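Subject: Structure handover

Hello,

Here is the structure I promised you. Please open it and keep it beside this email while you read.

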Amino acid sequence: MTKKKALIMVDLQNDFCTGGNLAVPGGDEVVPLANQLQSYFDYVVATQDWHPQDHMSFATNHPHHSVGDVIVVEGMQQVLWPNHCIQNTKGAEFHPRLDRHKVCKVFHKGVDKKIDSYSAFFDNAHLRSTGLGEYLHGEHIEDVYIMGLASDYCVKYSSLDARHLGFQVYVIEDACRGVELHPGDIACSFAEMQAVGVKLVHVKEIVQANE
């Protein structure tokens with residue numbers, strides 16, 4: 001029996017693209033790749049950062065702190081970000097050019113104001129599941145392919161958690177873009193993923209394998 005494959009499209013939202021409050025350099029460039037890739041997968045799921053207005057990751061909610069500062073919240077280190085992907089706002093919506101016809105299910109993350117959720121599977125303390133892992137296991141999916149925004153945060157932590165949950169994980173490297181708060185962050189993130197068994201692939205390889 002052929003193994004089922006799922007494509008996980010991470011946070012292809014307005015606020016992470018050009019003109020957004022937390023625009024990832026080149027973020028828009030992965031949207032056409034997402035559209036191209038979807039037809040090669042049995043299942044396509046998407047994630048959305050879905051923060052309340054008073055989310056503790058927003059620098060505006062911490063007087064005397066600025067974007068990029070690292071503080072401790074609930075015993076965990078937290079990078080402070082601009083306000084982004086606030087529930088039911090334009091910034092939280094999917095990029096308007098993202099084809100969503102094949103999307104089976106959308107998973108929200110970052111919904112608890114007290115803790116961030118970079119991973120598509122869990123919050124940063126692994127206290128709450130988004131339901132994605134349970135959904136994929138329920139559909140008997142073994143191979144997951146991850147792409148989107150951003151390489152050094154949500155893609156990385158989604159990949160690490162997917163490996164922890166027992167999936168064979170492929171990250172589509174050229175269909176990701178990173179924040180790179182510090183020089184080398186993106187390269188270090190890919191190395192960290194590979195160290196736990198994540199395989200890096202490229203769009204061309206997926207297309208060629210399905211021709």
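Start with helix α3. It has 14 residues and reaches 18 Å from its first C-alpha to its last. That is close to the 20 Å expected at 1.5 Å a residue, where the expected span is 1.5 Å times one less than the number of residues. Helices here are DSSP runs of H or I with at least four residues, strands are runs of E with at least two, and both are numbered from the N terminus.

A word on the source. This is a predicted model, in which local features need pLDDT of at least 70 and side-chain atom pairs count only at pLDDT 80 or more, while totals for chains, interfaces and linings use all residues. Residues are numbered from 1 along each chain as its sequence is written, and side-chain values use heavy atoms, with hydrogens and water left out.

Back to α3. Of its 14 residues, 11 are buried, so the rest of the structure largely encloses this helix. Buried means under 20% relative accessible area, exposed means over 50%, and partly exposed is in between (1.4 Å probe, protein chains only). Among the buried residues are Tyr153, Val155 and Leu160. They pack against β1 (4-10), β4, β5 (103-109), β6 (141-149), β7 (168-177) and α4 (185-195). After α3 comes Gly166, with a positive phi near 95°.

Next, α1. Its buried residues are Val30, Val31, Leu33, Ala34 and Leu37. Seen down the helix axis, they fall within an arc of 160°, so they line one face of α1. The arc is taken from the directions from the axis to the C-beta atoms. Their cover includes β1, β6, β7 and α5 (203-209).

Look at Ala34 in α1 (residues 30-37). Ala34 counts as buried, at 0% relative accessibility. Leaving out residues up to four places away in sequence, Ala34 touches Met9, Leu12, Leu98 and Met147. Contact means heavy atoms within 4.5 Å.

Now the empty space. Rolling a probe the size of a water molecule over the atoms shows where it is left. The search uses a 1 Å grid over the protein atoms alone: a cavity is a set of points where a 1.4 Å probe fits but cannot get out, a pocket is an open set with protein on both sides within 12 Å along at least five of seven lines, and lining residues have an atom within 4 Å of a point. Points are joined across faces, edges and corners, and a volume is the space filled by probe spheres set on them.

The largest pocket has a volume of about 300 Å³. Of its 14 lining residues, the closest to its centre are Met76, Gln77, Tyr118, Asn124 and Tyr157. β4 (76-79) and α3 (151-164) each supply at least two residues of this lining.

The whole structure has one cavity of 30 Å³ or more. The largest cavity holds about 140 Å³ of space. Of its 17 lining residues, Phe16, Leu22, Asp49, Tyr118 and Cys154 lie nearest its centre.

Last, the backbone. Most residues other than glycine have a negative phi, and most peptide bonds are trans. The bond from Leu149 to Ala150 is cis, with omega near -5°. Asp11 has a positive phi near 55°. Asp11 sits in the loop between β1 and α1. His126 also has a positive phi, of about 60°. His126 is partly exposed, with a relative accessible area of 43%.

Best wishes
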